[in-house]
Amino acid sequence: MVKITYKKKDANLRQVIRPKFDKNANLRKNVHLFAKHATNIVITTQNDFNRYQYSLSQSFKTNSTSDESHNLNLQYDNILDNNIHNITQIINHNLSISDINEENQENRSDQEDEINQENEDQENYSWESDNEDQENYSWESNNEDQENYSWESDYEDQENYFWESDYEEDDDLSFEFKNQYDVLQNTPTYYGETKPYFPNKTVMMMFIWYTKYMIGSHAYQDLAKIIRHPDFHALDLPLSITTLKQMRRGLPLMTLNSHNIKINPKDTPSTSPFLKEGYTFSIIDHIERLLNNPLIYPKLYFGPGVETSERSELWHGQVWKESPLFGETEYRIGNVLYKAGDFVLYYTKEMTEQRLGQINGIVIPKENSKQHLLYIQKIIYYEDLPGNIKSFNRQNQSNNHNTVWLTEKREIISVDDIITHVNIWLEDLPEPVNYDYRIKEILYTHNNQQKIRQIQKRHRLPCYSFQKPPGLRHLKYCHITDLQYQEIKHAITRSAKKNLAKKYGLCLEKNILDHLIRNRHVQTPQDPFHCLAGLVRRLLDETFNSMNCEGHSEFIKEWRVFEVPSIWNRLQNPITHRDSYWMNDSLRLAMIIPYILTRAINHRHYKAEVLTRIKNDCLLSSQVQVPGIIVNCWVKMAKACKYVFKTPYVVNTDYNDYTILRKIFERAIVALLKVFGTVFSKLPNIHALRHLPDIAANFGTLINTSVSIKEAVHGLYKRFVPHTNKKDISMDLSKRDNTLQTLRYLLDGGLDMRYNKIDLFAKITYDERLHNLLDNWYISDIVEDNTAESCSDIFSIHPDFQDIQVRGLWKLNKIREQNLPSVLSAENFLTDLTRIYIDIYQNSGAIIQRHVDYYSSIRFTVKNGDVYSNITLRIGEAIDVENVDDPNGRSYALIRAIMIHQDDFRRNNPFLLIDWFYEKGSADSVTGFPIYGLQESDDHSWFHLYPLIIVDRKPKVHFVHKCTARCSNGSHDKNNEEYILNEFYYSIL
């Protein structure tokens, strides 16, 4: 053990050795004496040196004199021989100082402070003499023949010492070695050409290459499969990587266009250029590449809007249904042609009454269906108005002018329910010659209250954008805004252009998408990903700023041991390093922070002013209730995040996810404004939350408008930057993306117009040995572990389960710690394993091989049609499997062990040892989520051992232990088998 203790930094070495000596005293010989004979002394405190001084003074007492001018050097030289014995006793006495316990060390620290206080007025001595003519002394002897002394031992078996220093306040940096690594092991001895370390030259060369470049495990596995492939010939491999890079020139690459971008010179070096070259691909080239891709094109949809109860795609949303850009805009019933935007009279579904409505679009019940439905916006009479809207004036308008009211409610009717056309005048349009009804106002719902707004503020249907404005020769889209852009364009000066743009709330130039026909006022949604991630980040700031130092310490202590999902990368400290968080990191932390706050934080961990403010604002009876209010705020925010990224949204007569989404947002807004109203009341994100339900209805789901994938790809590009030469990063990344997209196009069966037919890439696609080479080009959730021992020679009983690999072989002591057997017998898993071999493997023979191995993780690929899914399972991870009794339901289990057993055919077969979760019929009081019990190892109500093929998709479930007072520091109470189903958990991408 090496002990290091710090002392006051203003005490120099001379004061430590002899605090009471005169400054002119010669220390040279005494230093040599200590260096030569006191090699086992560990100097720890000022008191220890006082003991040295006292012992020396007792030895020197007979030779000392009261004459202050007497030369102390002569005294020491004369009595050295007589006092060696005494000094040796002192040294032996101080050998035990290095092992002194912490209690005595604390007692000495108080005495040490008193002595240091007395020495503050003393002069700080140095090792050099104040007399210029006096010789400068150093640690080494000036006599060349004399041994050079240091404070380190000259003997290997003696301890090293360190002088005390007080850079920190009495911090004890004593430590003991916990583990030892890279010690000599009993490794196999090889007898080949490269004995005794390597079996052959191939392994030796690859080992040196791997060590030199620190190659990752997945990169090495791909390389190994390429080298082992029968079509690989080493002599065909070019020696220069430049030659290899030039191979891309023959591919049918897309044209990469460059243009100059102006650089703002603010806060940049004077040598920075004002122009930089940027690179783009043509949108037309992208669309052409997609349309010519034989695998992607069949999955594209160009039909009308689809009315379905489960909405997940863009064509399930309201914008697609109402837009004339997609699908059909007219339908003929008999000899009458009905178009989107027409007003009609129709029967209700019950065929009991006639109603007015406007055709918003023509839809179908499912993809590629020949049945057509009409998407109708309801129009009501005065009698149908709610009581708070009815008035004498509106009644007169209805009776005298045939006024009706347009609503925002829509319904689907059959084409057979149409009765006839109806002429209705919308008063924001020019008055027609003949009309049957008129509409002046719109009925809508806001905050569960029905209100009225003028028809001039209606959301125009996309079909109105194609009406011909007066004075224009061609059809224009959003003609009013187009005229404003024309006015800005023809302004004489730039300042005039800016003033007009500011007046109309527009940019100086049109958006690049405005060259397409679209409704820029309706079809430009808010991004829910940035909106929610920004709110979560602000809530993190406010929560941590409300805590005191003790609260920060307790939060981090619990956060470090919390059972996060295994596919997550470990997050950085959220208190000190949250500025480096990606948006994904903030959203992930929101999934677990309610549980961490519940476990670790109470009212003593918040600042007094925060407790007082929240207690008064929320009208609480005690400050003890404040932590519960903050946790409740996080619960509502986490539920909002989960529902934003939900898919699909379900809409039927009894259930509507869009309505639930609106209520969840309202509750989250109320909670945020109630607890941290000063901060959140001014954020535009809060206002944007009110529009997200409408955006979700317009585009099917909010995932369809989220930019989370773009953010992930941005991070992907940043991770590839270190692999470039950093001369022109934009060019390198653009070329790489262009090459990957072209390779994907060819691998999917795309045609190169320069050649008739190419079968090369089709053969590679169906080669299972190269499957991993073609996978994970972009975003992957695989967390690499390059240190664990792996095995890839695993047999698969099902052809759709491929490339099975296990990693992290357990040693015997770990197997015993987990109370698992390493040898099969009738008392453990032999009966269950025999059952699986008979039922699944069709092997009814006796199991001769009884040894089993255990691993920490298993990775495999599942093929579903032409889609491959990479799945990784780890010990302690929850999985969801198909419920045999309920095909639409899922059952949950916890992986206790991953077993590999070698059968009589020498095939390594994978098995999962699991414990099942079962519902207990209760709910968590904080989150409201269901509580599950965990099957015990000796409970045989359900089987524990299963083949790997029961897991056919990536786990999408997360359980959190319902901790009690007996749980601490990440160690859960073994007698408590209650878990909470974390319904906050979801996949962001």
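Buried means under 20% relative accessible area, exposed over 50%, and partly exposed in between, with a 1.4 Å probe and protein chains only. At 64% relative accessibility, R906 counts as exposed.

This is a predicted model, in which local features need pLDDT of at least 70, side-chain atom pairs count only at pLDDT 80 or more, and totals for chains, interfaces and linings use all residues. Residues are numbered from 1 along each chain as its sequence is written, and side-chain values use heavy atoms, with hydrogens and water left out.

## Overall make-up

The protein has 26 helices and 25 strands. These elements are DSSP runs numbered from the N terminus: helices are H or I with at least four residues, strands are E with at least two. Of the 989 residues in the protein, 40% are buried. Contact means heavy atoms within 4.5 Å. Among contacts between residues at least 6 apart in sequence, 65% join residues at least 24 apart.

## Helix packing

Two packed helices are described by the angle between their axes and the distance between the axes. Axes here are lines fitted to C-alpha atoms, for helices over the stretch in contact, and angles run from 0 to 180 degrees between N-to-C directions. Angles under 35 degrees count as roughly parallel, over 145 as roughly antiparallel, 65 to 115 as roughly perpendicular, and the rest as oblique. A crossing is left-handed if the near helix is turned anticlockwise from the far one by less than a right angle, and right-handed if clockwise.

| Helix pair | Axis separation | Crossing angle |
|---|---|---|
| α14 and α16 | within 9 Å | roughly 60° |
| α15 and α16 | 10 Å | about 120° |
| α19 and α21 | within 9 Å | roughly 160° |

Start with α14 (residues 528-546) and α16 (residues 583-600). These two helices are oblique to each other. Their crossing is left-handed. From α14, the contact uses F529, H530, L532, A533, V536, R537, L540 and F544; from α16, it uses M583, N584, S586, L587, L589, A590 and I593. For residue classes, Ala, Val, Leu, Ile, Met, Phe, Trp, Tyr, Cys and Pro count as nonpolar, Asp, Glu, Lys and Arg as charged, and the others, Gly among them, as polar. By that scheme the α14 contact with α16 has eleven nonpolar, three polar and one charged.

Helix α16 also packs with α15. That pair is oblique, and the crossing is right-handed. On the α15 side the residues are E554, F555, E558 and W559; they meet L589, I593, I596, L597, R599 and A600 in α16. Seven of the residues in this contact are nonpolar, none polar and three charged.

Helix α19 covers residues 657-680 and α21 covers residues 692-699. Their crossing angle makes α19 roughly antiparallel to α21. The crossing is right-handed. Y658, L661, R662 and F665 of α19 make the contact with L692, P693, D694, A696 and A697 of α21. The classes are seven nonpolar, no polar and two charged residues.

## E550 in α15

E550 lies in α15, residues 549-561. E550 is partly exposed, at 43% relative accessible area. Leaving aside residues up to four places away in sequence, E550 touches R604 and H605. The C-alpha atoms of E550 and H605 are 5.8 Å apart, although the residues are 55 apart in sequence.

For C641, the nearest cysteine sulfur is that of C531, 9.3 Å away. C641 is buried, with 1% relative accessible area. For C967, the nearest is the sulfur of C963, 4.1 Å away. C967 is buried as well, at 14% relative accessibility.

## Backbone exceptions

Most residues other than glycine have a negative phi, and most peptide bonds are trans. The peptide bond from K195 to P196 is cis, with omega near 0°. P196 sits in the loop between α5 (102-118) and α6 (201-213). T647 and P648 are also joined by a cis peptide bond, with omega about 0°. P648 is in the loop between α18 (626-644) and β14 (649-650).

M214 is not a glycine, yet its phi is positive, about 50°. M214 belongs to the loop between α6 and α7 (217-228). At 64% relative accessibility, M214 is exposed. R906 has a positive phi near 60°. R906 is in the loop between β20 (890-902) and β21 (908-923).

Notes
A disulfide is a pair of cysteine sulfur atoms within 2.5 Å.
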